[in-house]
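Subject: Structure for your review

Hello,

Please find the structure below, followed by notes on what was found in it.

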Amino acid sequence: MTGEDEATAPDSVDGAPIDFDRLELIEKRLSTDERFARIDKRPDFAPDRLVCRYEQRFYPNSVRAARLEIVWFENGDFSLHYHEDHTDGTFDHRWDRHPSDHKARDHVHPGPNAPTPGDDASHPVDWRDVLSRILEEIEDRQRAFWEG
């Protein structure tokens with residue numbers, strides 16, 4: 001899940017199916033959000049995800065593009081991957097909930113390179129709260145580009 005050229009999908013470790021109904025609810029919620037230039041529902045390179053592309057105005061010129069990829073599973077597991085393309089590299093950060101041999105079920109793979117194993121974390125139970133918290137964290141990062 002490190003870029004559009006990868007066709008691999010994240011798999012819930014216990015094999016839960018993708019929750020396309022949840023992704024549709026998220027797409028409806030975010031489709032009116034002015035932060036996003038567009039939202040791609042199940043694009044060819046990621047047919048299991050919702051890909052939300054941020055408006056460029058939130059970033060300095062050194063950030064060429066930014067997106068949030070969302071996959072949700074019917075058992076409540078999820079992976080939200082935030083990615084920035086910079087003129088001199090990339091930034092990746094991922095929030096996950098799924099069984100893991102190396103971390104707690106709730107964990108993050110922090111930026112700038114989203115390493116594995118990542119860090120144990122605590123995510124809210126309700127999907128709306130998870131989404132709100134992650135969008136706030138991304139907004140904090142965007143704001144930091146402009147603070148002096």
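A residue is called exposed here if its relative accessible area is over 50% and buried if it is under 20%, with partly exposed in between. On that scale, Asp21 and Lys28 are exposed on one side of helix α1. Please keep in mind that this is a predicted model.

Helix α1

Helix α1 covers residues 20-30, and its buried residues are Leu23, Ile26, Glu27 and Leu30. Viewed down the axis of α1, these buried residues fall within an arc of 100°, so they line one face of the helix. Asp21 and Lys28 are on the other side. The partners against which the buried residues of α1 pack are β1 (36-41), β2, β3 and α2.

Helix α2

Helix α2 has 20 residues. From its first C-alpha to its last it reaches 30 Å, close to the 28 Å expected at 1.5 Å a residue. Buried in α2 are Trp127, Val130, Leu131, Ile134, Leu135, Ile138 and Gln142. Around the axis they cover an arc of only 120°, which puts them on the same side of α2. Glu136 and Trp146, on the other side of α2, are exposed. The buried residues of α2 pack against α1 and against the strands β1, β2, β3, β4 and β5.

Aromatic pairs

How many aromatic pairs are there by the ring-centre rule? The count comes to six. One of them is Tyr54 with Tyr82, an edge-to-face pair at 6.0 Å centre to centre with 85° between the planes. This pair links distant parts of the chain: Tyr54 is in strand β2 (residues 50-54) and Tyr82 in strand β4 (residues 78-86), 28 residues apart. Both Tyr54 and Tyr82 are buried.

Tyr59 and Phe145 also form an edge-to-face pair, at 5.9 Å centre to centre and with 65° between the planes. Tyr59 lies in the loop between β2 and β3 (63-72), whereas Phe145 belongs to helix α2 (residues 127-146), so the pair ties together parts that are 86 residues apart in sequence. Tyr59 counts as buried because its relative accessibility is 4%. Phe145, at 26% relative accessibility, counts as partly exposed.

One aromatic cluster is formed by Phe36, Tyr54, Tyr59, Tyr82, Phe91 and Phe145.

Charges over rings

Arg141 has its charged end over the ring of Phe91, 3.5 Å from the ring centre. For Arg42, the charged end sits over the ring of Phe20, at 3.9 Å from the ring centre.

His98

His98 is placed in the loop between β5 (89-97) and β6 (106-109). Is His98 buried or exposed? Its relative accessible area is 18%, so His98 is buried. The side chains of His98 and His107 are joined by a polar contact of 3.3 Å.

Ala37

Ala37 is a residue of strand β1. Its relative accessibility is 47%, so Ala37 counts as partly exposed. With neighbours within four places in sequence left aside, Ala37 is in contact with Arg53, Tyr54 and Glu55. Ala37 and Arg67 are 30 residues apart along the chain, and their C-alpha atoms are separated by 9.7 Å.

Regards

Technical notes:
Residues numbered from 1 in each chain as written. Predicted model: local features only at pLDDT ≥ 70, side-chain atom pairs only at ≥ 80, totals over all residues. Heavy atoms only, no water. Helix = DSSP H or I, 4+ residues; strand = E, 2+ residues; numbered from the N terminus. Buried < 20%, exposed > 50% of the residue type's maximum accessible area, 1.4 Å probe, protein only. Polar contact = N/O pair within 3.5 Å; in protein donor to acceptor, adjacent residues only side chain to side chain. Phe/Tyr/Trp six-rings, centres within 6.5 Å; stacked < 30°, edge-to-face > 60°. Lys NZ or Arg CZ within 6 Å of the ring centre and 35° of its normal. Arc of directions from axis to C-beta. Contact = heavy atoms within 4.5 Å. Expected span 1.5 Å × (residues − 1).
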